[in-house]
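Good morning, and thank you for making time for this. I would like to go through one structure with you, beginning with the overall fold and then turning to one pair of packed elements.

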Amino acid sequence: MQAKDNLPKVLPKKLSDYLTKVKADSFADVVTNNDSSLVRLKKDFGEKQIQTLVVGMINEINGFYNVSNRMSAVQMAETAKIVVEEFYPLTVSDLKLFTKYAKMGTFGECFRMDGSVIMRWLTEIGRASCRE
């Protein structure tokens, strides 16, 4: 029996609208956007809502790749929880750019999809943004 992820299935309208407005096509966008970090958003909307936001982005990447073993809802929820805890300085712009780069194959070929892949990619984009 698989455990439930216990996350909301829909983001609050205010948070959803915020996501829609943020443009992040390049590192320059990330710098100029000056949007809120995950830790700030967690204070404003609550931890579960921010985890749901991150799950949505992970799910987008998970569905994009044609790999035989995709992440389950529980794996995505656990990964999102770690992302919110460990990558809390990231902004929505960072995550949107991360999602774009992951789909573009910027981090290399993807032969499997799991939490460790997501963590490695997030670490790589953090390093790349420091170089920009």
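What pattern does the protein chain follow when it is read along the sequence? The pattern is α-α-α-α-α-α-α, with 7 helices and 0 strands in the chain, where helices (H or I, at least four residues) and strands (E, at least two) are DSSP runs numbered from the N terminus.

Please keep in mind that this is a predicted model, in which local features need pLDDT of at least 70 and side-chain atom pairs count only at pLDDT 80 or more, while totals for chains, interfaces and linings use all residues. Residues are numbered from 1 along each chain as its sequence is written, and side-chain values use heavy atoms, with hydrogens and water left out.

Of the 132 residues, 43% count as buried, meaning under 20% relative accessible area with a 1.4 Å probe, protein chains only.

Now to the pair: the axes of helix H4 (residues 47–64) and helix H5 (residues 73–86) come within 8 Å and cross at roughly 120°, the axes being lines fitted to C-alpha atoms over the stretch in contact, with angles running from 0 to 180 degrees between N-to-C directions. H4 and H5 are therefore oblique to each other, since angles under 35 degrees count as roughly parallel, over 145 as roughly antiparallel, 65 to 115 as roughly perpendicular and the rest as oblique. On the H4 side, the contact (heavy atoms within 4.5 Å) includes Ile50, Val54 and Ile58, and on the H5 side Met76, Ala80 and Val84 are among the residues that take part.

Terms used: Buried < 20%, exposed > 50% of the residue type's maximum accessible area, 1.4 Å probe, protein only.
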